[in-house]
Amino acid sequence: MEISIDVLIFYLVSLVVVGSACIVAFSRNIVHSAFSLLGTFGGVAGLYVFLGADFVAAVQVLIYVGGILVLILFAVMLTHRISDIDITNRTVGRIPGLVAVAVFLGILVYAIGETDWVKVKEVAYAPTTATIGNLFLGDYLLPFQIAAVVLLVALIGAITLSRKEIKE
Amino acid sequence: MAAYVAMLTKVGLEHYLVVGGILFALGIYIVLTRRNAISILLGVELILNSAGLNYVAFSHFSTGNVDGQIYTVFIIMLAASEAAIGLAIVLAIYQLFATIDVEATETLKD
Amino acid sequence: MTEHVLSYMVFFPLAGMLVVLILPSGRHDLIRWVSAAATVPPLILGVWLYANFDTTTTGMQFVERAAWIPAFNIEYFIGVDGLSVSMLLLTALLSFLCIFASWGIDKGVKGYFALFLLLDTGMTGVFVALDFVLFYVFWEVMLLPMYFLIGIWGGPRKEYAAIKFFLYTLLGSVLMLVAILALYFYSEPNTFDMTKLMDRSSLYSTTPLAMWPFNVWGWGFQHVVWMALFIGFAIKIPAFPFHTWLPDAHVEAPTAISVILAGILLKMGTYGILRINYPMLPAATADLAFWFLAALGAWNIVYGGLCAMAQTDMKKLVAYSSVSHMGYVMLGMAAFNTQGINGAVLQMFNHGTITAMLFLLVGVIYDRAHHRDINGFGGLAGIMPVYAGFTALAFFASMGLPGLSGFVSEVLVLLGAWPKYHALTIIAALGIVITAGYMLWMMQRVYLGPPNEKYRDLPEINGREIFTLFPLGVIVVVVGVYPRVVLDLLQASLNNINQMVISHLS
Amino acid sequence: MDLGNLASLKLFHPEIVLAGTIILLTILDLVVANKRLMAYVGLAGCLVALAATLELYGTEPTLLFHRMVALDNFALFFKVVTLVALVAAIWMSIGSGEVRQVHLGEYYIVLLTCGFGMFFMASGNNLLMAYLGLELVSLTSYILTGMLPHNRRSAEAALKYLIYGGVASGTMIYGMSWVFGMAGSLDYAAINAAMSQGDGNEAGLFIAFVFILAGFGYKMAFAPFHMWSPDVYQGAPTPFTGFLSVASNAAGLAILIRFFYPAVSTLGQEGIWTFQAFPALQWTDLLVAVSIVTMTWGNLSALNQNNVKRLLAYSGIAHAGYIMMGLVVLNNDGLTAMLFYVVVYLIMNLGAFLVVMVVANATGREDMEAYRGLAWRGAAFPAVCMAVFVFSLTGLPPLAGFIGKLLLFAAIIEGQFYVLAVAAIINTVISLYYYARIAKTMFLDDPGPDDGPVTATASAVPLLGALMVLTVVLGVYWGPLLDYTTGSLGFFMK
Amino acid sequence: MDHPVQTDFLRWIVLFPLLGAAVNGLLGARIQERAGKRMVAFIACAPVTLSFLFSLWAYSRLLGLPAKERFLIDRFYTWIPMGSFSVDVAFWVDPLSAIMILVVSGIGGLIHFYSIGYMHDDRSMWRYFAYLNLFTFSMLLLVTGDNLLVMFVGWEGVGLCSWALIGFWYTDHTNTRAGNKAFIVNRIGDFGFVLGIFLLYWTLSGQGQGTLAFREIAEHVGLLADLELWGVGVATLVTILLFIGATGKSAQIPLYVWLPDAMQGPTPVSALIHAATMVTAGVYMIARLNGLFSAAPATLQIIAVVGAATAFFAATVAITQTDIKRVLAYSTISQLGYMFLAMGVTAYSAGVFHLLTHAFFKACLFLGSGSIIHAMQGEQDMRQMGGLRKVMPATFRTFAIAVLAIAGTPFLAGFFSKDAILWQAWATHNQLLWGVAVFVAGLTAFYMFRQFFMVFFGQCRADHHVQEHLHESPKIMTYPLWILAAGSVVVGYLGLPAFLGGSMLDHWLDPVIHVPHGEHHAVMEEVGVMSVSIVAAAAGVVLAWFLYYVRTPSRDESPEARGFAYRVLFNKYYVDEVYQFVFVGGTLLLARVGAAFDRYIIDTIVDGTAKVTTILAWFNGLFDKYVIDMLVNAVANVTFAVGNNFRRVQTGNINSYLYVVVGAVVVALIVKLRYWS
């Protein structure tokens, strides 16, 4: 009954992920929720590292933590007066919500256990950045280009939507 | 018993999937119960993260190549775009309704 | 020219409609005359058809066929037998006359006549179509113009009537569509060709289905399809209990549309049963005819007659009389003998002419007095003698007085029905008494008695109105005295249809 | 035949033209003052793309860009549909009073990008491309929905749409990740191969498929994933609503068919498809249930609607239910019927929204009362067209909608799904009620005292006429279209 | 015999009056306006006269043939050729129909002429003559039709004309109601008649001899023997059904009620239609089908009883009536009862004989009463008359002859014919019926003389004004009266009883009527029976003389002053009231119930279906509105008041939308995993 250190760390990181996700879900304070997301994102990044996905982990940290989270915090600040920050994160219907989600989760976990997933014999740990970079310009060139279109249009859209002056 | 212990002591694909599942369920819980538009967006981010985690886990345990990781990268990218647009909409809502409580913004209904 | 005579008959009104559409909407008289002109060629061609029709064969004549949608074997396939020709003539004649009966329409003239001509095409098409999809298309083409013609140009409760008509008939036609598709997929190879489907009638299974409640009734595939088709047709006939759209639609519709409705549309129900149910589903026809054709028909006769008696609105009375008279058709066709089936179709033809007259006559008085309350008139015979004369003719024809057309068909129907259904025939024969009752009672209240001072100055029926009534009156008398003008046309075809069912009678 | 990146480009003209147009518009937006020009440029771009698409017919089916997208008749069909819808939407936008209020430059850029995304929904040949395409369409749709400035309805609709879409697509990729885990590949062909060997994963597969269905279903707006659509339809600018109702629906159908047919099923004899590896999945029962619930829910909800746009949204849901009938039978006849219906639905529904737009332009209203006596208020032509469209939507011959329904009915009756057929019949009759109510209001009701005259926007009339003529013509002579849709069933997989 | 000679001119006997009717009916108004009433009258009378001449021609042709071959036919064209069922429009004349055509066209012609005078002041004379001609046509068609269906055409046609003529003065609703009553009651009879035709045809058809032609029916009657339907012999059933038709047309119990009301028509019409010709159609029909009826003894028994009962019943009513025409109407019903009694005792020939004599004296009586009414300026109440013999001598004399004839005065027509019937009833051992008939003979004498005395004797009780204008009718009216009166005397000698030389009529009819020759009876028996009826008649006359000549009737005699029995009789046993209540009321009630069923039940079901759909839709909305939010709000926030939740209807809530998605997915998964695996 030995528990190796990496297993322990996995549980620890998972705990961080799930715990902070729970705060996101259950906190009555939107700022708390937003900040707890940091824990979840960071924890997931940690799990990515465990899974040998160094590039993805980096992207996760950069974009999620550095980008999305900041954006969300901005939005929180812009849409709330500081004084009523405590009462704006209303949650309604906890019990039916919890019941539904618990059943849901039960089914998911059951299915995860039942399913015969594809497994490779050897699990490899190797740096992936170069591979991914090559693929982006090779096999995955088209999605990569489309991503550019997505970002462009998101940019235009975000600007348009937040710039609301009346024309004419 | 030993089997269960073994299940706990050796971290495998299923563990990551369960973490992903919990994240997914929490995300669903949030979108069901939260009334604050930004909070609901947080729930959506959790859902996207759970999926991303699944892809990377499968990439690691099931395929041995980086296809899943690339998928996750795209998820993150799209999550960012969606967040940008979503927050822009939230701001617009706030300008028009002076609140972002989705119960207060129900002019469209039967 | 002659090989496409049916196509010309079908599409000439449509061409007329297109012409009407491009005319300026202010030129009312021009529109009316163009519409009238568009209905003349079908009438002439109809007469030509009648003259050149070979009454000795049972096959389809003047057939035209062309591939339409090859992928589904759907064809533009039209042709006529005796049954169709009689209905075709009726359609051509009534359409032509109704244009003149519509002369007084002055709201939305262009729309009215355009829709009317479209309706004409649809009606004509139904009677010539031999491809199921084509049939269904024409069938539904009638629906929309009718909806608008009632709904826009109708009486006070036009919307209710129009929507009721629409919902009823749509329900029926959707069921019909399902039945058509079922027949298509059961035919091997799949075909919509009605003549081929008739030849393969033995393929449709009558083995009882396991599905409740069909297992209780012992119904097979054939019965279920029969029933789906029957409901569709019964709504049009209209058979009890699907008849309640009819009084409303008639009461609200403008005169000409009532005429078309009663004169032609109702015939489509019975036409459909004879054209489709009988030859294609003979075993089911044989099994179900008692309850759904004979019993329902007899019930229709008595029930419609009694309802008519209780009415105070002339149009409603005539409408219920239609319910009653169409009962004869159902009873007759269920007799499965020469007399019954020929009588039934002759009754269709006669009812078409007689009821058309009745509605035109009611329209004449409605145009003058602006109401149709039976109790609100009196002594019109003295005020409008010529009008009263036409009315008497129509009433007595409707009553089935010998020497007029209604008699021949009713006698044939009852005569035909007797050997198979004694009790039902006796019930149906009660219709003789009931019809006389309500017709005479109405006649007494409206036309006889002391002249109503209010209407002392009503103008006598005018030339245009006489023009619409006169041909019908002539037909009523001629067919009564010499019914062979129609019967000879029918016999070969109908006996053929009848023959297909007879072998399945137990 | 798989092609690499460079080799693919010469078979990629439509996308290139469209992308080029988008970029051109972006630049033009910065330099041109007259924003109306943008519309014409966009229109021209779409037409060129359409020409380029048509030119690709006859090419050997190919997988492009290292198996990312498929070039086959099926994809081309949906590209054509998308481009036609785009052309119509742009044309409508030119005459729309609502669209005049928005930032026209951005509007057309985003609209074209939306269509661009639909291309990949139709042609995407692996899970990543499917997701990307769908998200591209979703994101642009959110933007377009929320574009009306200072409009509460518009912003609210956009928010609801975004949240709903985010959850739905999140659920979908979660489900896709399981498929990835079970098949070990993102590529459809590989998934198909894996599916044909694997077994015992029924529970997991079912969950994954249901999740994926949530994503696709939300695009197609079938129950229970439809609830966003009435609100969004009502809130969005009308030309875009029209586009959304037909193109989004079509694209959802395209992505759904490409995933559930070529990717996880095999084509057997006589056009009959079988689900790989898990015959006991009861997949059809689920689809039957979904179809019935969708059409019933849509129709019942539409009955009491007073807002015509909202009514058309519910009618759209009902039509999604009808289209689903073709899915149930798992054969090529059903697929053909669905594709046919997509075309027909595109024509008649766009027409209906065009009339809604004409009325809204003149009166500023979308409620039923605004249509009272429309035919007698100088708008006889739009009223007649609307009548044709709604009766076609009902499925009355000789209009195109009838043929669409006929083919669908034919498919399910051939497959002996009688319960479904009966449900569809009942629904057809129910639907007649509210469609006829529109016609009734336009023709049978007298205009109210305050109802002013309605004049059709000049640009709307030719489009309206064209759509109406098409509705009638396709109801009578539909052989070529049927051939075309039958021919569009060519999938390229291996 | 099997291939009778085609005699083309027969059709003209029938068609001439139709031509007259057509001309007057279509163009009459104009002719009357342009050329005057004389022209109209000419157009009407000429065809009937021609018909009569052609009838004589036909008669003479018959005379020229051997007795067994007296049979002419004119096949006009095939009317309804329908498989085995083929009906020709064909006319035939045999001894029986020869009598009828002579009566119809002869007496009909006289009445046409009479009408010229009677209707002289009516502005719709053209219409009257058109109807009258049409009637003559129909009646001739009825009697010459060679098969049942053609006969039925005439049968209905005379009904139509009767309707039109009863309601001739249509501006008075009493008249039109009477017309309708006649028509509808006749239709009830026709209901039986057509069913009888069908049953007869199909039964014969079942034996391979489907036909409706009289000659063929007579030939194949034997085939009906032993066939049964519903436990009754087919022959019996057929004849009963046909007899129902006859009761309608010939005003027998229970369908006699229309005839008294039919007196609303112009009096010549009453004479022609409701006395001489149409009402005897039922008798003619039975005589025509005597072979068939003879094969159904049960039916004959019924006919005899019904005939006797009607005779008695109508005679009792007649004794109290005060309307001059109503007395005659009830008398007609009574006399028709005699004829049916004759039919019932297989005395077909005697029945036809009575038909013939009755046609003369009853027509004479009616025309006489018409002459009186004409003189009295429309007054019909006998209490207002009296003493007219001085003013109207011709009418008085002819009327007297006819009264004597009908009362059974020896050696006048009525005596012989009535006696033939009475004797046959006695001879066929129907003594009870004979007794009734004799009693009725007495009653007949009584009410006829009551009328005679009230009208012609005593003081005139009419208004002063009317009295001043009393006058004899013009010659065009009195000549026919004389001819008919002469007939009332002479025709009786056609059918002398056996002991006075035998009946020429029996002999003439022998080829078509096959009466089984009864047992031989002693002459004295016959004479004895005859004397009884003479005594009865005499008693009636004496009683009438005592009551209405000796005690002059008062002007204001009212039924209320009399006893209960008188009131019952005066009110015709209240049969009309009962019929009105039970049948007319019942039918109308049914009609209303049917209509109400339509309006309330069926339409409610239809509307209900729509409502259910709407409710479903509403429920659907409710589901949106309440159920989802209840899950979200009410269930969760128990602290919130329920009412508050209802007010805060939160549709359009994105969370609830998502609930639907998640809920549906969860349900799908559970169903799948729990039940489908």
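This is a predicted model: local features need pLDDT of at least 70, side-chain atom pairs count only at pLDDT 80 or more; totals for chains, interfaces and linings use all residues.
Eight pairs of chains touch, and the pair with the most contacts is A and B. Here 75 residues come from chain A and 63 residues from chain B.

No contact joins chain B and chain C, and their closest C-alpha atoms lie 25 Å apart. Chain A and chain C do not touch either. For that pair the nearest C-alpha atoms are 36 Å apart.

The fold of chain C comprises 21 helices and two strands. Its radius of gyration is 22 Å, close to the 23 Å that the globule rule gives for 506 residues, so chain C is as compact as a globular protein of that length. The C-alpha trace of chain C spans about 70 × 55 × 40 Å along its principal axes. Buried residues account for 67% of the 506 residues of chain C. Contacts in chain C were also sorted by sequence separation. Among those between residues at least 6 apart in sequence, 78% join residues at least 24 apart.

Chain E has 25 helices and four strands. Of its 677 residues, 57% are buried. Among contacts in chain E between residues at least 6 apart in sequence, 80% join residues at least 24 apart.

One helix of chain E was examined in detail. Helix α17(E) covers residues 431-456 and has 26 residues. From its first C-alpha to its last, α17(E) reaches 37 Å, close to the 38 Å expected at 1.5 Å a residue. The helix is mostly covered, with 22 of its 26 residues buried. Just after α17(E), E:G458 takes a positive phi of about 75 degrees.

Two packed helices are described by the angle between their axes and the distance between the axes. For α17(E) and helix α21 (residues 523-550) of chain E, the angle is about 30 degrees and the axes are 7 Å apart. Angles under 35 degrees count as roughly parallel, and α17(E) and α21(E) are therefore roughly parallel to each other. The crossing in which α17(E) passes α21(E) is right-handed. On α17(E), the contact is made by E:V438, E:F439, E:A441, E:G442, E:L443, E:T444, E:A445, E:F446, E:F449, E:R450, E:F453 and E:M454. On α21(E), the contacting residues are E:V532, E:S533, E:A536, E:A537, E:A539, E:G540, E:V541, E:L543, E:A544, E:W545, E:Y548 and E:Y549. An α-helix has 3.6 residues a turn, so residues three or four places apart point the same way.

Conventions:
Residues are numbered from 1 along each chain as its sequence is written. Chains are lettered from A and ligands numbered from 1 in the order in which they are written. The expected span of a helix is 1.5 Å times one less than its number of residues. A residue is buried if 20 or more other C-beta atoms lie within 10 Å of its own, exposed if 12 or fewer, and partly exposed in between; C-beta atoms are placed from the backbone. The radius of gyration is taken over C-alpha atoms; the globule rule is 2.2 Å times the number of residues to the power 0.38. Two residues are in contact if their C-beta atoms, placed from the backbone, lie within 7 Å. Axes are lines fitted to C-alpha atoms, for helices over the stretch in contact, and angles run from 0 to 180 degrees between N-to-C directions. Angles under 35 degrees count as roughly parallel, over 145 as roughly antiparallel, 65 to 115 as roughly perpendicular and the rest as oblique. A crossing is left-handed if the near helix is turned anticlockwise from the far one by less than a right angle, and right-handed if clockwise.
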